[in-house]
Amino acid sequence: MNCVKIALAGGPVADLEVDVVVLFEPELDRLSPPAATLDERTGGRVERARRFKELTGKLYETGWVHTEGGIAASRVLTVGIGKPDELTPERMRRAASVAARQLRRREVRRAALWLDDALGDDLVQALADGLVVGDFETGLYKSSERAKAELEEVLIGTPGAEPPAGWAEPLRRGRILGEAANMARSLALQPGNRLTPSGLAEEARRLAESHGLEVEVFGPEQLAALGAGALLGVAQGSLEPPCLIVLRYRSGRQGGPTPGQAQGRLLALIGKGVTFDSGGISIKPAQGMQEMKYDMCGAAATIGAMRAIAELKPSIDVLGVVPATENLLGNRAMKPGDVLTAMNGKTIEVVNTDAEGRLILADALVYAQRQGATHLIDAATLTGGCITALGHHASGLFGRPDEWVEKVRGASERAGDRVWPLPLFPEYREQLKSDVADIMNSGGRNASPCTAAMFLKEFVEDASSWAHLDIAGTAYTTADRSWQPAGPTAAGLRLFVELALAMAAEKSEARVD
Ligand code: BES
Ligand code: MN
Ligand code: ZN
């Protein structure tokens with residue numbers, strides 16, 4: 001993975017020896033202050049672009065101005081950021097990603113951003129994040145991409161003398177999130193033959209080693225000893241051994257009881273890690289089946305989030321749990337009608353082997369709670385029905401109690417990682433009634449995201465706070481957009497990290513009181 005260097009510029013941007021200056025321009029009836037300054041230096045070329053509607057400030061619209069010697073850089077790239085009062089961190093992140101992708105396409109090595117010094121910390125953070133995720137190559141196995149020049153350095157400046165020194169910290173946070181997202185995306189991009197459950201475990205081990213996390217990987221024998229019959233059931237049809245990957249971040253600031261605060265909160269992030277989902281004996285149609293290499297995007301978000309958490313060091317302990325397996329067909333594969341026993345002893349009648357995600361998550365949820373997790377959140381490419389319901393524009397959100405779900409919604413908004421709540425009506429449980437076992441693994445087509453979530457809830461203790469993100473529609477795209485190439489998006493990752501930071505902040509506030 002290449003890493004673009006992002007640094008605060010010393011001195012005026014106009015004098016920086018870079019190839020391109022980037023302007024993020026709002027939609028106004030005049031030029032923004034940085035654009036106006038640049039206009040003076042280039043003999044009115046920027047204003048002329050505005051007059052000819054080559055520079056409108058419309059969201060994500062790009063344009064080029066040739067400076068012809070007015071400043072050190074030969075070209076200016078303009079990227080629209082839309083109406084100023086509608087600017088959010090998510091928009092800023094996408095605009096920065098648009099810029100980085102434009103620069104990459106032209107093999108630009110050095111660029112400088114010319115920003116308004118009034119930009120808030122959250123927008124500066126989003127900007128760094130966007131630059132890093134925009135500088136990401138999805139053509140992993142294309143021989144032609146390797147020869148391309150890479151974006152090496154982006155300097156950040158303002159029309160005035162020096163950019164605010166306070167920007168260094170949000171830039172650092174943004175870079176951490178962007179790099180974690182890119183790590184998740186490159187895991188997700190690897191096809192089933194390149195990234196098996198053991199491969200995923202190897203990546204988790206490498207991360208733990210480089211980032212000071214604890215790691216444990218439970219293989220088939222240990223899973224049998226743990227009673228993880230649901231995960232083992234899904235894995236039966238594959239030659240690749242399944243595993244349960246556990247990453248642990250210790251804040252080192254817990255331990256003794258905190259006055260005025262219930263002690264021992266442990267956050268568990270759980271991600272579905274099906275490295276390829278064929279559907280099993282209830283096989284999927286051939287059309288689009290290759291997309292099922294992305295059925296481990298929840299796992300990628302979890303591992304990526306653990307990386308960011310290890311770097312941001314919030315004062316809360318966090319557990320990352322990934323059940324990993326393939327879902328294939330073969331003469332050992334589980335069959336419709338088979339009954340499995342999950343780690344908590346509940347029996348499950350498998351009526352559809354393609355409803356495998358909830359099976360492996362059931363064991364992971366039980367495991368996390370046995371490890372003392374009090375607050376749980378999982379991300380899973382769980383149901384095609386969630387794409388029908390919400391399209392590609394929000395992850396489905398379920399959970400309980402309401403306060404926890406609200407906390408997750410807040411984190412989602414701040415992180416620009418969109419979710420939308422869906423119901424867990426008790427009536428949905430009836431669709432999962434089995435004649436022979438405690439529960440069936442599929443409730444059929446009607447409200448499939450809801451019945452899937454209802455199934456998971458069966459493995460959550462009353463005392464636990466739990467949320468579930470159905471990321472089937474958000475984890476990857478097949479359409480190329482100016483800010484995001486076709487491929488994985490790292491959906492859920494930023495929400496996970498923000499949630500950990502928010503819980504840590506709550507705790508330290510309680511301590512100050
Ligand atoms: N991994 C799929 C869900 C999925 C579908 C994710 C499309 C992304 C894009 C999951 O394992 C699955 O097959 N779900 C079934 C459940 C059904 C059998 C109850 C589905 O949604 O069709
Ligand atoms: Mn499936
Ligand atoms: Zn699946």
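This is a predicted model: local features need pLDDT of at least 70, side-chain atom pairs count only at pLDDT 80 or more; totals for chains, interfaces and linings use all residues.

**Entry 1: ligand 1**

I started at ligand 1 and found one of its oxygen atoms 2.9 Å from an N or O atom in the side chain of E356. I count a polar contact as a pair of N or O atoms within 3.5 Å; within protein, one must be able to donate a hydrogen and the other to accept it, and residues adjacent in sequence count only if both atoms are side-chain atoms. A nitrogen atom of ligand 1 lies 2.9 Å from an N or O atom in the side chain of D295. For L382 it is a polar backbone atom that I found, 3.3 Å from a nitrogen atom of ligand 1. On its own, ligand 1 has 520 Å² of accessible area, and the protein covers 84% of that. Those areas come from the Shrake-Rupley method with a 1.4 Å probe; for residues, only the protein chains shown count as cover.

Residues are numbered from 1 along each chain as its sequence is written, chains are lettered from A and ligands numbered from 1 in the order in which they are written, and side-chain values use heavy atoms, with hydrogens and water left out.

**Entry 2: the zinc ion**

Which protein atoms hold the zinc ion (ligand 3)? I found K272 (NZ), D277 (OD), D295 (OD) and E356 (OE), lying 2.0 to 2.4 Å from it. Donors here are N, O and S atoms within 2.8 Å of the metal (3.2 Å for Na, K and Ca); water is not among the atoms, so sites may look incomplete. The zinc ion (ligand 3) has 6 donor atoms with angles of 78 to 175 degrees, and its site is octahedral. For the geometry labels, four donors count as tetrahedral if all angles lie between 85 and 135 degrees; four count as square planar and six as octahedral if opposite donors are over 155 degrees apart and all others between 65 and 115; anything else is irregular. Along the sequence, the zinc donor residues are spaced K-x4-D-x17-D-x60-E.

D277 bridges the zinc ion (ligand 3) and the manganese ion (ligand 2), which lie 3.1 Å apart. Helices (H or I, at least four residues) and strands (E, at least two) are DSSP runs, numbered from the N terminus.

**Entry 3: the manganese ion**

Next I checked the manganese ion (ligand 2), which is coordinated by D277 (OD), D354 (O), D354 (OD) and E356 (OE) at 2.1 to 2.2 Å. Its 6 donor atoms make angles of 70 to 167 degrees, and the site is irregular. The donors follow the spacing D-x76-D-x1-E.

Are D277 and E356 buried or exposed? Both are buried, and E356 has 0% relative accessibility. D354 is partly exposed, with a relative accessible area of 22%. My cut-offs: buried is under 20% relative accessible area, exposed is over 50%, and partly exposed is in between (1.4 Å probe, protein chains only).

**Entry 4: strands**

I moved on to strand 8 (residues 243–249), where 7 of the 7 residues are buried, so the strand is largely enclosed by the rest of the structure. C243, I245, L247 and Y249 are on one side, with L244, V246 and R248 on the other. In a regular strand the side chains alternate between the two faces of the sheet. Strand 8 pairs antiparallel with strand 7 (residues 214–218) over 5 bridges, and E214 stands opposite R248. Another 7 bridges join strand 8 to strand 11 (residues 317–327), also antiparallel. Pairing needs at least two bridges found by DSSP.

Strand 6 (residues 153–157) has 5 of its 5 residues buried. It runs parallel to strand 1 (residues 5–8) over 4 bridges and to strand 5 (residues 110–114) over 5 bridges. V154 stands opposite I6 and is also the bridge partner of A111.
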